[in-house]
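Biologist: Hi! Could you bring the model up on screen and walk me through a few spots?

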Amino acid sequence: MQVSSLNEVKIYSLSAGRSLPEWLSDRKKRALQKKDVDIRRRIELIQDFEMPTISTKIKVSRDGQYIMAVGTYKPRVRCFDTYQLSQKFERCLDSEVVTFEILSDDYSKIVFLQCGRFVEFHSQHGHYYKTRIPKFGRDFTYHYPSCDLYFVGASSEVYRLNLEQGRFLNSLQTDASESNVCDINPVHFLFAMGTAEGKVECWDPRTRNRVGLLDCALSSVTADTEIEGLPSISALKFDGALNMAVGTSTGQVLLYDLRSSNPLIVKDHHYGLPIKSIQFQHQLDLIISADSRIIKMWNKDTGKIFTSMEPEHSINDVCLYPNSGMLMTANEAPKMNIYYIPVLGPAPKWCSFLDNLTEELEENPESTVYDDYKFVTRKDLENLGLAHLIGSSLLRAYMHGYFMDIRLYHKAKMMANPFAYEEYRREKIRQKIEETRAQRVQLKKLPKVNKELALKLIEEEGEEQQITRKRKQKNLPSLLKDDRFKVMFENPDFQVDEQSEEFRLLNPLVSKISEKRKRKLKILEELEAQGQEEEEEPEGKASDAESSESSDDEKGWVEEVRKQRKLLRQEEKLKRQERFKEDQQTLLKPQFFEIKEGEEFRSFKDSAKKQKLMKKTLEDRLKLEEKLGTLNVSDTTVGSKQATFKLKKSEQQRKQQEAERRHRQERKTLRRSASHLKSKRGRGRLFH
């Protein structure tokens, strides 16, 4: 089993490895398995899952129990039972099969479209009936509501064969000269066919009228594509009620919404080969499209590549096992490939052990598919003299270089550089010399950061190593070599500041502890040198000496700390005096500030009042605003509180309101004067 990975998606090839010939006896097969590791490690998921020469089509029955494949030579069909993991039956046919369809849930009803215009029906026991269509067929599909078979091929007509009545019905007349593929929507049973002119015609089987026409050849041409001729339709597949994927003969896949004539996404395989198969994976919203060279999985919403596979042999058909991560291919080789991709889904229930197997492989990773290949760039090929192999089957393009067989690489390197052994010998001699140099006495280089601390640690380690050698104990790990403390001797931010207050207060204690440790080490060395057998008396003396020395050390340490504290206080006092002198020497000059238009100068008392107000609690501020009349808090009938407040107006707003009030007052006086004059005039007329 080979494992490959692209875009962090693991693909397990279950059919990888050599297959044993059928004519070998069981005894010879067992002997080969004992000798050859590759044969012993291979996984034969289904026994004899292959064809004599090539396989052309592969399908799975609706119940998931049977896998059927057709191939040559001689033309035959093989049925494999997944519950028994072996072949169910094999039937030979008169001519090669173009395509076939499983009409029932199991293998009891099968229809084969053959090369010689023959349509052959098989039942559970074998061959049932055989008929012919007027022109050579290329594809057909089954319409379940009416029991009609729709055949398309080298004709402008779509032939209809009714299986209930057992006769041909009136054919559908299309505008195409030839048709390549066809499919029926599983939801609303719309019939679609792809033509040689690059168009898709949609027909309604109920009225037998054309209801739509899509020009896919024009839509597949983009700015990046280079097309020599008119692309024809080579693959067609419906997804649900509204989506349809179309594959062209120039290597493009177009995803359509049936409500629009423009494609949603145009995906190019960049190989210029016809699209052979299109499948939909609904769990991850993926489209699996395949030409004869590569299988691509990409997101149907964004078009982003999910992963891809390049089998060794050309691909004829791809089949996705329903509701699982298993993928099967029919190839231009005897063996049919089986791939398992855990990301797409679980393993089928008849081979559930694959999940446990892949989990164990992920925990214990082994060699991948690229271990037998060497990655080389174009410059490496020119140095080896293999630039003429670019474009051949010996090199496989990948990113900025190529993959080539490791055996070919070694042979070419031997021919291009015959003195490689001399270089290898020199390199080995140089390594031996370096090893002998490492055994010599080496100068210990101190780090750039915390040199004093590093020197202290080195000295202490040397002393401890001498003791451990005498006592035959294991050496303790060094702080300088420990990765956890590496940054302390590399990063300048960890530099010990010896002038800081903390260091000066702790330094007496540290120095006393180090001195005490050195004394203890000297006493232990003296005791070991004397080699006294009775250790009680010297131990007692040593303990008495230690107690007296420890009390003296504590007194000395306390005095040292007091001295350091006095020095620190004196330094702080001197710093304060210097600051005071600097403040006296500096003369404060008056500064003038310009006030903007529309603003008034406010004293610093206002800011002080605001600061005092902000320090008060919310309750005190609310009470103060209630006294000023800007806030009113009242109880409602429901039982809650209602607060109403007035916004403080700025000086500019006050001036504007005052001007408006004056303007209104002037207008009132003018109106009163005008009405007074009118009344006087009216009285004068009456008197006249």
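**A walk through the chain**

Modeller: Happy to! Let's start with Gln 279, which counts as buried because its relative accessibility is 19%, where buried means under 20% relative accessible area, exposed over 50% and partly exposed in between (1.4 Å probe, protein chains only). Before we go on, this is a predicted model, so local features need pLDDT of at least 70 and side-chain atom pairs count only at pLDDT 80 or more, while totals for chains, interfaces and linings use all residues. Residues are numbered from 1 along each chain as its sequence is written, and side-chain values use heavy atoms, with hydrogens and water left out.

Biologist: Thanks! Which strand is Gln 279 found in?

Modeller: Gln 279 lies in strand β23, residues 277-281. Helices (H or I, at least four residues) and strands (E, at least two) are DSSP runs, numbered from the N terminus.

Biologist: And what does Gln 279 touch?

Modeller: Leaving out residues up to four places away in sequence, Gln 279 touches Leu 286, Ile 287, Ile 288 and Val 318; contact means heavy atoms within 4.5 Å. Cys 319 is 40 residues from Gln 279 in sequence, with 7.7 Å between their C-alpha atoms.

Biologist: Switching topic: in what order do β11, β12, β13 and β14 sit in their sheet?

Modeller: The order is β11-β12-β13-β14, in an open sheet with antiparallel pairing. From one strand to the next, the twist averages 25°, with axes as lines fitted to C-alpha atoms (for helices over the stretch in contact) and angles from 0 to 180 degrees between N-to-C directions.

Biologist: How many bridges join β13 to β14?

Modeller: Five bridges join β14 to β13 (residues 157-162), and the two run antiparallel. Two strands pair if DSSP finds at least two bridges between them. Leu 161 stands opposite Phe 168 in β14.

Biologist: Now Leu 624: which helix is that in?

Modeller: Leu 624 belongs to helix α12, residues 618-628. Leu 624 is partly exposed, as its relative accessible area is 34%.

Biologist: Nice. What about the chain as a whole?

Modeller: The chain has 13 helices and 34 strands. Of its 688 residues, 33% count as buried. Among contacts between residues at least 6 apart in sequence, 44% join residues at least 24 apart.
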